[in-house]
Amino acid sequence: MKARCTVLPVYLFACFLTFATPLLAQTSVDILTGPPDVLYTKAQLSASIDPSWSFPLLPTRPLPNTWDAPNIYRPLAVPAGESSSRSSDAPKNLVNQDSKTTSSSNTHFRWGPAFGESLLYTGIMHTFDLSFQAGTRDALNGHWFTHYTESVSELRGWSDSDTFMAPYVGHPIEGSIFGFIERQNDPRFKLVQWGDGREYWISMLRSMAYSAVWHTQWKIGPLSEDSIANVMLHASPGFITLVDTPTLGFCTMLAEDAADRYLIMGLENRTNNRAMIILARSFLNPGRTFANIMAFRPPWVRDTRLNLFGNNYEIRKQLLADYKNGDGEKPFQFVKNEWMPAGVEFNHPHPKEADIELTAFPYYETFLGGGSCIGGGGSGAARVNPSLQVLTEVSGCLIMHMPQYNISADSLFYGGGLRWTPLAAHRFSPYTQFLFGGRKVTREVDDEALKKKLLQEWNDGNGTLPHYPLRSAWSTETAQNGPSIAVGGGFDVVITRPFAWRVLNVEYTHSWMNDVAQIHPQEGLKISTQAVVRIGTW
């Protein structure tokens with residue numbers, strides 16, 4: 001074992017230093033006069049990482065105009081001599097008190113805990129790979145930096161040869177996990193919910209950016225699949241997960257938040273069956289569930305609602321019983337921006353033309369010389385004036401209808417340009433655009449018989465072949481890279497200020513490059529439909 005073997009122990013030691021604090025289980029506490037963690041007793045871990053995260057519970061609402069101390073669903077003080085036994089007098093939508101109480105020194109993002117939780121999740125993924133993949137363990141041999149740089153240099157194309165479930169189900173959930181880790185460590189937006197308007201979408205964009213950084217690290221960073229497992233030396237390397245993990249992870253977070261508000265909260269207004277609520281919270285919100293675990297919290301924790309154990313569970317039962325008897329209100333109701341300070345209203349005059357647009361899209365391209373491909377991509381656009389945007393795009397597709405099963409090919413486009421939007425302030429907005437960049441087409445021919453033979457000779461490290469066979473040993477690659485343009489247009493329909501649907505985008509593509517075997521990518525027609533996040537209009 002060479003110097004390469006020291007990477008994993010150093011990594012695990014870093015995780016140990018980050019999370020080496022003893023944990024405490026949840027306890028039964030007093031909801032009105034207890035400490036700030038009255039709904040969920042936080043692990044000592046969190047306090048040791050950032051002691052300023054906990055503050056004394058204020059029994060009454062703060063004065064208006066105090067953004068730094070929001071009164072999110074705070075219980076009101078009960079006047080002397082009055083009883084609060086009736087559930088209808090109890091506060092609605094009680095939340096984790098230590099989640100809602102902040103101060104001017106505690107509105108900054110908690111980089112330490114967020115980094116530790118993300119590092120722990122990355123370590124768990126590596127541990128899984130090392131436990132179940134003999135090829136990953138074999139990659140620990142050899143010169144670490146040389147193999148790492150060789151692997152990163154192989155990044156190209158779109159597809160990474162995974163089946164549908166990995167790039168379109170597994171990776172979006174991974175993106176949502178990193179996104180929820182960002183949210184639970186962001187004091188200003190920790191309690192946002194689906195429907196909270198501008199603040200919710202700001203929180204979602206912050207989560208998507210955080211997810212993009214950490215997944216890029218997972219893919220090609222110093223503690224990545226490339227650095228530890230040299231994945232791109234053994235399998236088809238592609239940009240697909242770099243694009244779809246944060247973008248589809250964004251969509252997964254939206255789906256989880258919608259499910260939490262409409263399905264799970266609805267269930268909690270109908271039953272106190274603890275097992276049913278725990279299962280619903282855990283399995284309908286997989287990203288949030290795993291993010292909770294990374295913070296050493298119960299998987300089913302919600303910062304926006306009462307706990308499921310101790311005194312809080314008794315309060316739950318009383319609230320629900322009174323609601324069913326007609327003596328009280330529905331226990332859990334969504335109130336838009338209820339987590340904001342009392343008496344404060346934020347008015348933001350914003351233009352109808354989005355300052356920034358982020359898009360994710362699937363597309364189909366037919367090569368006019370023969371052949372077609374299916375794939376996806378992402379783009380970003382910044383507004384120069386009400387009618388003009390500058391944009392960049394990275395997209396790629398898997399080329400279809402190869403003559404033999406062991407032949408595969410993909411196309412990657414990267415570039416930038418201008419978009420003209422004469423009616424950007426309208427609900428219906430046509431546009432035309434021009435992009436200039438490059439296209440790379442890669443074709444691979446796999447010798448499946450040779451691959452099988454080499455794997456048998458290696459025999460998970462117990463055979464005659466000393467190392468896990470590289471892709472270059474059984475696959476032949478041919479590639480062309482040349483300048484490319486895309487000219488076209490379409491129209492958007494604004495659904496709400498934060499969102500638009502690019503119903504149709506049609507582009508003519510031209511690439512200055514030679515044929516790649518039977519693939520003729522010089523001219524093509526590209527059709528897509530796109531989801532657009534509009535920033536600056538809300």
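Select Cys-373 and Cys-397 to begin: these two residues form a disulfide, with their sulfur atoms 2.1 Å apart. A disulfide is defined here as a pair of cysteine sulfur atoms within 2.5 Å. A search of the whole structure finds one disulfide. The link of Cys-373 and Cys-397 is left-handed, with -65 degrees about the S-S bond. Cys-373 lies in strand S2 (residues 372-385) and Cys-397 in strand S3 (residues 388-399), so the pair ties together parts that are 24 residues apart in sequence. Helices (H or I, at least four residues) and strands (E, at least two) are DSSP runs, numbered from the N terminus.

Both Cys-373 and Cys-397 are buried. Buried means under 20% relative accessible area, exposed over 50%, and partly exposed in between (1.4 Å probe, protein chains only). For another cysteine, select Cys-251, which is partly exposed with a relative accessible area of 40%.

The model is predicted: local features need pLDDT of at least 70, side-chain atom pairs count only at pLDDT 80 or more, and totals for chains, interfaces and linings use all residues. Residues are numbered from 1 along each chain as its sequence is written, and side-chain values use heavy atoms, with hydrogens and water left out.

**The whole chain**

Now display the entire chain, which has 15 helices and eight strands. Of its 538 residues, 51% are buried. Among contacts between residues at least 6 apart in sequence, 73% join residues at least 24 apart. A contact means heavy atoms within 4.5 Å. The chain exposes about 23700 Å², of which carbon and sulfur atoms supply 63%. Accessible areas come from the Shrake-Rupley method with a 1.4 Å probe; for residues, only the protein chains shown count as cover.

**Helix H7 and its partners**

Select helix H7 (residues 165-184) together with helix H13 (residues 286-294): their axes come within 8 Å and cross at roughly 55 degrees. This angle makes H7 oblique to H13. Axes are lines fitted to C-alpha atoms, for helices over the stretch in contact, and angles run from 0 to 180 degrees between N-to-C directions. Angles under 35 degrees count as roughly parallel, over 145 as roughly antiparallel, 65 to 115 as roughly perpendicular and the rest as oblique.

The crossing of H7 and H13 is right-handed. A crossing is left-handed if the near helix is turned anticlockwise from the far one by less than a right angle, and right-handed if clockwise. On the H7 side, the residues making the contact include Ser-176, Ile-177 and Phe-180, while those of H13 include Gly-287, Arg-288 and Phe-290.

Which residues of H13 are buried? They are Gly-287, Arg-288, Thr-289, Ala-291, Asn-292 and Met-294. H13 is followed by Phe-296, whose phi is positive, near 60 degrees.

Next, select His-147 in helix H6 (residues 144-153). His-147 is partly exposed, with a relative accessible area of 24%.

Move to Thr-366 in strand S1 (residues 356-367). At 25% relative accessibility, Thr-366 counts as partly exposed. Thr-366 and Pro-521 are 155 residues apart in sequence, yet 9.0 Å apart in space, C-alpha to C-alpha. Leaving aside residues up to four places away in sequence, Thr-366 touches Gly-371, Ser-372, Glu-523, Gly-524 and Leu-525.

**Two loop residues with positive phi**

Select His-401 in the loop between S3 and strand S4 (407-420). Its phi is near 60 degrees, a positive value in a residue other than glycine. Is His-401 buried or exposed? His-401 is exposed, with a relative accessible area of 70%.

Finally, select Asn-459 in the loop between helix H15 (448-458) and strand S6 (475-496). Asn-459 has a positive phi of about 55 degrees although it is not a glycine. At 41% relative accessibility, Asn-459 counts as partly exposed.
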